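Here is a short tour of one protein model, taken a region at a time. Have the structure open as you read.

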Amino acid sequence: MKPIYKPEMRIILDRFIKDYLSSSRASGVIIGLSGGLDSTVILKLCVDSLGADKVKGLLLPESSTPPENMSQIETYASEPGEIGRAHV
(Lines give C-alpha, C1' and ligand atoms only; values in the text may rest on other atoms or scores of the structure.)
Protein backbone atom coordinates (compact mmCIF):
# COMPACT_ATOMS: atom_id res chain seq x y z
CA MET A 1 0.00 0.00 0.00
CA LYS A 2 1.40 3.36 -1.00
CA PRO A 3 1.10 6.13 1.63
CA ILE A 4 -1.17 9.03 0.76
CA TYR A 5 0.33 12.47 1.18
CA LYS A 6 -2.08 15.29 1.82
CA PRO A 7 -0.84 18.90 1.70
CA GLU A 8 -2.65 19.76 4.93
CA MET A 9 -0.50 17.16 6.72
CA ARG A 10 2.60 19.23 5.96
CA ILE A 11 0.92 22.35 7.35
CA ILE A 12 -0.02 20.52 10.54
CA LEU A 13 3.53 19.15 11.00
CA ASP A 14 5.05 22.56 10.32
CA ARG A 15 2.79 24.23 12.89
CA PHE A 16 3.49 21.49 15.47
CA ILE A 17 7.27 21.85 15.12
CA LYS A 18 7.18 25.64 15.36
CA ASP A 19 4.73 25.65 18.30
CA TYR A 20 6.73 23.03 20.19
CA LEU A 21 9.97 24.98 19.75
CA SER A 22 8.27 28.20 20.83
CA SER A 23 6.65 26.65 23.92
CA SER A 24 9.95 25.08 24.98
CA ARG A 25 11.71 28.46 24.76
CA ALA A 26 14.59 26.76 22.96
CA SER A 27 16.47 28.52 20.19
CA GLY A 28 16.75 25.43 17.98
CA VAL A 29 16.67 21.65 17.84
CA ILE A 30 19.24 18.86 17.86
CA ILE A 31 18.36 15.73 15.92
CA GLY A 32 20.10 12.42 16.62
CA LEU A 33 20.72 10.75 13.25
CA SER A 34 20.90 6.97 13.49
CA GLY A 35 21.31 6.39 9.78
CA GLY A 36 17.72 5.33 9.33
CA LEU A 37 14.85 6.83 7.42
CA ASP A 38 12.99 8.08 10.52
CA SER A 39 15.68 10.44 11.76
CA THR A 40 16.44 11.64 8.24
CA VAL A 41 12.78 12.56 7.69
CA ILE A 42 12.67 14.39 11.04
CA LEU A 43 15.80 16.33 10.06
CA LYS A 44 14.19 17.36 6.76
CA LEU A 45 10.90 18.38 8.45
CA CYS A 46 12.71 20.49 11.06
CA VAL A 47 14.93 22.22 8.49
CA ASP A 48 11.90 22.99 6.33
CA SER A 49 9.94 24.34 9.30
CA LEU A 50 12.62 26.18 11.26
CA GLY A 51 15.42 26.89 8.81
CA ALA A 52 18.84 25.28 8.75
CA ASP A 53 20.30 27.77 11.21
CA LYS A 54 18.08 26.37 14.00
CA VAL A 55 18.78 22.68 13.35
CA LYS A 56 21.80 20.61 14.32
CA GLY A 57 22.19 16.94 13.48
CA LEU A 58 24.34 14.54 15.47
CA LEU A 59 25.50 11.36 13.77
CA LEU A 60 24.70 8.61 16.27
CA PRO A 61 24.92 5.28 14.48
CA GLU A 62 24.10 2.05 16.24
CA SER A 63 26.32 -0.99 15.90
CA SER A 64 23.70 -2.45 13.54
CA THR A 65 23.62 0.62 11.27
CA PRO A 66 25.04 -0.26 7.87
CA PRO A 67 27.99 1.99 6.95
CA GLU A 68 26.31 2.89 3.65
CA ASN A 69 23.39 4.46 5.58
CA MET A 70 25.79 6.78 7.41
CA SER A 71 27.53 7.60 4.14
CA GLN A 72 24.18 8.55 2.62
CA ILE A 73 23.40 10.92 5.51
CA GLU A 74 26.85 12.50 5.29
CA THR A 75 26.44 12.95 1.53
CA TYR A 76 22.92 14.36 1.95
CA ALA A 77 24.13 16.78 4.62
CA SER A 78 27.05 18.00 2.54
CA GLU A 79 24.92 18.87 -0.50
CA PRO A 80 24.11 22.51 -1.21
CA GLY A 81 20.79 23.67 0.13
CA GLU A 82 19.06 23.83 3.46
CA ILE A 83 19.97 20.36 4.73
CA GLY A 84 23.63 20.92 3.95
CA ARG A 85 23.59 24.00 6.18
CA ALA A 86 22.00 22.16 9.11
CA HIS A 87 25.36 21.53 10.81
CA VAL A 88 25.38 17.75 10.59
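Helices (H or I, at least four residues) and strands (E, at least two) are taken here as DSSP runs, numbered from the N terminus. Residues are numbered from 1 along each chain as its sequence is written, and side-chain values use heavy atoms, with hydrogens and water left out. The model is predicted: local features need pLDDT of at least 70, side-chain atom pairs count only at pLDDT 80 or more, and totals for chains, interfaces and linings use all residues.

| Residue | Relative accessibility | Class |
|---|---|---|
| F16 | 53% | exposed |
| Y20 | 55% | exposed |
| S71 | 38% | partly exposed |

The structure holds 1 aromatic pair. Ring centres of Phe, Tyr and Trp (its six-membered ring) must lie within 6.5 Å to pair, and planes under 30 degrees apart count as stacked, over 60 as edge-to-face and the rest as tilted. The rings of F16 and Y20 have centres 5.9 Å apart and planes at 35°, so this pair is tilted. Both residues belong to helix 1, 4 residues apart, or about one turn of the helix.

F16 and Y20 also turn up at the largest pocket, where they are joined by I17, V29 and C46 as the residues nearest its centre, out of 13 lining residues. Helix 1 (7-24) and helix 2 (37-50) are the elements giving two or more residues to this lining, and helix 1 gives the most, with 6. A pocket is an open set of points on a 1 Å grid over the protein atoms alone, where a 1.4 Å probe fits, with protein on both sides within 12 Å along at least five of seven lines; lining residues have an atom within 4 Å of a point.

V29 leads on to the strands. Its bridge partner in strand 2 is V55. Strand 1 (residues 29-33) and strand 2 (residues 55-59) run parallel and are joined by 5 bridges; two strands pair if DSSP finds at least two bridges between them. From strand 1 the chain crosses through helix 2 to strand 2 in a right-handed β-α-β crossover, meaning that, with the strands pointing away from the viewer, the path from the first strand over the helix to the second runs clockwise.

Definitions and conventions: Buried < 20%, exposed > 50% of the residue type's maximum accessible area, 1.4 Å probe, protein only.
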